[in-house]
Amino acid sequence: MLVVVKSMKNPRSALCKTSIMAASDIFNAYGEKLLSTDSSAFDQLLLQLLLKASQDKKFVCEEADKSLTAMVNSIAALPLLQKLRGFVNHGNLRVRAKAAVSISNSVYKMGSEEIKEFGSVTLLQMASDLLNDRLPEAREAARSIVLSVYEAFTENEKLDTEEDWQSFCQSNLSMIQAQLMIKVVSSQ
């Protein structure tokens with residue numbers, strides 16, 4: 001992974017694109033095993049992919065997006081969310097947006113039990129931060145996260161889901177965040 005990261009940092013676009021393609025192959029081949037290896041190597045690879053996905057060079061950006069999708073599809077959502085979580089507050093707007101999309105894709109494929117295991121409140125807090133982001137891509141990903149959490153919340157509820165959702169949000173989030181979550185679900 002460290003060699004792939006080094007190649008991604010190379011200014012030559014063709015080499016960078018090839019190393020991103022190699023990262024996709026690594027995700028498809030090793031999947032979960034990558035998380036049991038050197039954690040810093042995976043973190044560096046993830047950061048480089050997010051940086052490359054947010055570049056201006058379209059063909060590098062597209063390949064990095066494909067690689068991020070391969071990562072989401074080949075690694076279990078819970079450990080991947082732990083890794084992606086730190087990028088929600090990254091200084092680079094585009095990195096935040098790409099991380100938000102990957103988080104959204106991971107949450108979308110999770111079941112209600114996995115969402116509860118990770119923490120519905122944690123996901124809603126991440127989403128509320130992203131709902132105020134300057135990039136529409138991050139805001140749309142945040143809406144998707146909120147809707148996935150809402151679906152998991154209402155899956156087992158037999159009562160008035162609107163009122164239960166509202167009280168759940170108000171008891172676990174700040175008033176402004178709770179209003180945002182209620183607005184997202186009601187506007188769906």
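At what angle do helix 10 and helix 12 pack, and how far apart are their axes? The angle is about 85° and the axes are 10 Å apart.

The legends below describe a predicted model, in which local features need pLDDT of at least 70, side-chain atom pairs count only at pLDDT 80 or more, and totals for chains, interfaces and linings use all residues. Residues are numbered from 1 along each chain as its sequence is written, and side-chain values use heavy atoms, with hydrogens and water left out.

**View 1. Helix 10 packs against helix 12.** Helices (H or I, at least four residues) are DSSP runs, numbered from the N terminus. Axes are lines fitted to C-alpha atoms, for helices over the stretch in contact. Angles run from 0 to 180 degrees between N-to-C directions. At about 85°, helix 10 and helix 12 are roughly perpendicular to each other. The cut-offs are under 35 degrees for roughly parallel, over 145 for roughly antiparallel, 65 to 115 for roughly perpendicular, and oblique for the rest. Helix 10 brings Arg143, Val146, Leu147 and Tyr150 to the contact. Helix 12 brings Met181, Val184 and Val185. Contact means heavy atoms within 4.5 Å.

**View 2. Asp65, Lys98 and Glu137 are linked in a network of salt bridges.** A salt bridge is a side-chain nitrogen of Lys or Arg within 4 Å of a carboxyl oxygen of Asp or Glu. The structure holds seven of these. Lysine 98 pairs with aspartate 65, and their closest N and O atoms are 3.3 Å apart. This pair links distant parts of the chain: lysine 98 lies in helix 7 (residues 93-108) and aspartate 65 in helix 5 (residues 58-74), 33 residues apart. Lysine 98 also meets glutamate 137 in a salt bridge, at 3.2 Å from N to O. Here too the link joins distant parts of the chain, with glutamate 137 in helix 10 (residues 136-155), 39 residues from lysine 98. Lysine 98 is buried, at 10% relative accessible area. Aspartate 65 is partly exposed at 27%. Glutamate 137 is partly exposed at 35%. Buried means under 20% relative accessible area, exposed over 50%, and partly exposed in between (1.4 Å probe, protein chains only).

View 3. Glutamate 140 is partly exposed, with a relative accessible area of 47%. Arginine 143 is partly exposed at 32%.

**View 4. Serine 54 occupies the loop between helix 4 (39-53) and helix 5.** Serine 54 is buried, with a relative accessible area of 8%. Its side chain reaches the backbone oxygen of leucine 50 at 3.1 Å. This is a polar contact: a pair of N or O atoms within 3.5 Å. Within protein, one atom must be able to donate a hydrogen and the other to accept it, and residues adjacent in sequence count only if both atoms are side-chain atoms. Not counting residues up to four places away in sequence, serine 54 touches Asn92, Arg94, Val95 and Lys98.

**View 5. Helix 9 (residues 120-131) is largely enclosed by the rest of the structure, because nine of its twelve residues are buried.** From first C-alpha to last, helix 9 reaches 16 Å. That is close to the 16 Å expected at 1.5 Å a residue. The expected span is 1.5 Å times one less than the number of residues. Among the buried residues are Leu123, Leu124, Met126, Leu130 and Leu131. The buried residues of helix 9 pack against helix 6 (77-84), helix 7, helix 8 (112-118), helix 10, helix 11 (161-172) and helix 12 (175-186).

**View 6. Lysine 109 lies in the loop between helix 7 and helix 8.** Lysine 109 is partly exposed, at 37% relative accessibility. Its side chain reaches the backbone oxygen of isoleucine 75 at 3.2 Å. The C-alpha atoms of lysine 109 and alanine 77 are separated by 7.7 Å, although the two are 32 residues apart along the chain. Lysine 109 touches Val72, Asn73, Ile75, Ala77 and Glu114, not counting residues up to four places away in sequence.

Terms used. Helices (H or I, at least four residues) and strands (E, at least two) are DSSP runs, numbered from the N terminus.
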